[in-house]
Amino acid sequence: MSLIELKDIHKSFYGVEVLHGVNFVLQAGTVHALMGENGAGKSTLMKVIAGVHSADSGRILLDGKEVNISSPAMARELGIAMIHQELSSELEMSVAENIYLGREPGRFGLVDYQQLYRQTGELLEKLGINLNPKTKMKQLRVADQQMVEIAKAISQNARVVIMDEPTSSITDKEVDSLFEMIRGLKASGVGIIYISHKMDEIFQICDEMTILRDGTYIDTFKASEIDEDILIRSMVGRDLGVQFPKVNVQIGDPVLEVQHLTRKGQYEDISFKLHKGEILSFVGLVGAGRTELMHSIFGITKPDSGKILLNGQEVNFKNPKDAIEHGIAYVTEDRKGEGLVLPMSVEKNITIASLKSFVKKGFLQNKKEVEIVKQEIASLGIKVSRTSMDVKSLSGGNQQKVVLAKWMIARPNILIFDEPTRGIDVGAKAEIYKIMCDYVSQGNAILMVSSEMPEAMGMSDRMIVLSNHKCSGELKRYEFSQETIAQMQFRFMQTKQE
């Protein structure tokens with residue numbers, strides 16, 4: 001008998017149907033991937049299961065019996081827990097207080113902390129989580145905060161655990177720890193619904209896969225009976241062709257040169273040249289200093305020593321405004337926190353970095369602004385019903401394109417691209433890669449930071465590997481290999497340990 005089953009689920013918002021008769025079945029003791037492009041209806045379906053939304057029609061069966069999940073509290077009572085991509089931990093509280101928030105042991109309104117810590121310690125030990133129950137959440141890494149969220153779900157006797165992009169901000173080693181815990185949950189009979197855009201981990205951890213497309217149920221496969229090409233075609237409804245559409249561009253003269261750049265504790269003695277038409281990637285483990293280096297190139301932070309040259313002339317950026325005026329743009333890895341103003345419209349987000357170009361005699365030229373915005377939306381293929389809609393309502397891939405449009409209006413010569421496809425689906429990834437290729441084909445250049453090795457290898461002309469804040473090596477495209485890159489990533493870390 002199925003643990004949970006959804007039959008013919010329909011859901012509409014403001015008269016627009018977003019789920020069209022979706023079916024889904026989760027078996028106990030399995031990991032079931034829910035796959036689809038951004039906007040396919042995955043999150044809406046999961047929120048129906050978790051009691052955040054109520055289905056307009058259809059049935060939900062738990063252990064074969066129909067249930068009405070009218071609220072998140074009801075879902076928790078039924079043993080359903082959802083761990084969101086954006087964690088909602090109380091950072092000033094301890095691990096124990098977060099796990100048992102609102103359910104603390106005690107009497108007469110007073111918490112029995114001794115029992116709380118003991119109870120938490122026993123739970124963490126059972127799950128193989130090596131954390132002190134008294135540690136404040138703000139002192140934990142993101143990966144450990146996720147482990148606490150999982151422990152919280154299990155403490156509520158959850159039998160269905162929904163994980164939304166659980167590995168988006170953690171290292172490969174932390175992913176291994178997460179997968180070990182998931183295997184333990186499977187063995188105890190827990191059913192796990194797993195949402196991720198990372199194909200390699202889907203095939204590594206999942207038993208079954210259900211594909212949604214445009215709010216419609218497409219099919220369910222056993223992981224052992226499907227390959228990546230079939231999965232992608234099912235998700236996007238078309239063959240994407242080459243996954244990384246890298247085009248050969250004539251490499252020109254250096255446009256940016258970094259000489260012995262150092263910022264204590266972040267990066268040390270970094271030197272390189274970036275040429276016209278080139279995509280130069282920076283790879284390394286989390287904490288190696290990649291983003292910190294980009295911050296200094298863009299004027300967010302100031303290096304302690306070293307030089308930055310643009311077209312052979314030394315520059316000293318006091319702030320990002322200086323960098324922008326010199327033709328450098330930065331697509332941040334945190335598009336929601338740093339790249340976009342979520343309450344604002346698509347139109348205003350696109351023009352926010354170039355407002356001066358739309359002002360004449362102290363007045364904003366609205367007509368010109370709208371025309372340029374429409375041109376960029378068409379050029380980048382941004383899917384919007386109207387330019388005045390809130391940018392927060394767009395899918396991850398379209399939000400990323402809005403950030404790109406914002407900078408393309410400024411006509412930069414150098415684009416810093418930090419984690420260009422984090423949290424977006426395979427279809428949107430292919431579109432972003434094409435935009436990158438078109439950009440360098442026009443004689444521009446890209447500095448790319450990527451934690452996805454296939455992406456870095458597939459899209460780069462050259463690669464610089466950072467290890468423990470230092471340059472561990474440089475590779476040309478024909479020299480790329482996962483083994484060589486992995487060795488370079490650990491080079492200075494091993495030296496330090498020895």
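Biologist: How many disulfides does the count come to?

Modeller: The count comes to 0 disulfides, a disulfide being a pair of cysteine sulfur atoms within 2.5 Å. This is a predicted model, in which local features need pLDDT of at least 70 and side-chain atom pairs count only at pLDDT 80 or more, while totals for chains, interfaces and linings use all residues. Residues are numbered from 1 along each chain as its sequence is written, and side-chain values use heavy atoms, leaving out hydrogens and water.

Biologist: Why is Cys-206 called buried?

Modeller: Buried means under 20% relative accessible area, exposed over 50%, and partly exposed in between, with a 1.4 Å probe and protein chains only. Cys-206 has 7% relative accessibility, so Cys-206 counts as buried. Cys-437 is buried too, because its relative accessible area is 3%.

Biologist: What makes β1 and β2 paired strands?

Modeller: Strands are DSSP runs of E of at least two residues, helices are runs of H or I of at least four, and both are numbered from the N terminus. Two strands pair if DSSP finds at least two bridges between them. Strand β1 (residues 4-13) is joined to strand β2 (residues 16-26) by 8 bridges, and the two run antiparallel. Leu-6 stands opposite Phe-24 in β2. The two strands form a hairpin with 2 residues between them, and Tyr-14 in the turn has a positive phi of about 55°.

Biologist: Why are β14 and β17 placed at the edges of their sheet?

Modeller: That open sheet has 4 strands in the order β14-β13-β16-β17, with antiparallel pairing. β14 (267-275) and β17 (313-315) each have a single partner strand, so one side of each lacks a neighbour in the sheet. Neighbouring strands are turned by 25° against each other on average, direction ignored; axes are lines fitted to C-alpha atoms, for helices over the stretch in contact, and angles run from 0 to 180 degrees between N-to-C directions. Between β13 (residues 254-263) and β14 there are 6 antiparallel bridges, and Leu-261 stands opposite Ile-270 in β14.

Biologist: Which strands does helix α9 lie across?

Modeller: Helix α9 (residues 290-297) lies across β13, β14 and β16 (305-310), at about 65° to β14. Contact means heavy atoms within 4.5 Å.

Biologist: How many cavities of 30 Å³ or more are counted?

Modeller: The count comes to 1 cavity of 30 Å³ or more. On a 1 Å grid over the protein atoms alone, a cavity is a set of points where a 1.4 Å probe fits but cannot get out, and lining residues have an atom within 4 Å of a point. The lining of the largest cavity includes Ile-83, His-84 and Met-163.

Conventions:
1 Å grid on protein atoms, 1.4 Å probe; cavity = no way out; pocket = protein on both sides within 12 Å on 5 of 7 lines; lining within 4 Å. Points joined across faces, edges and corners; volume = space filled by probe spheres on them.
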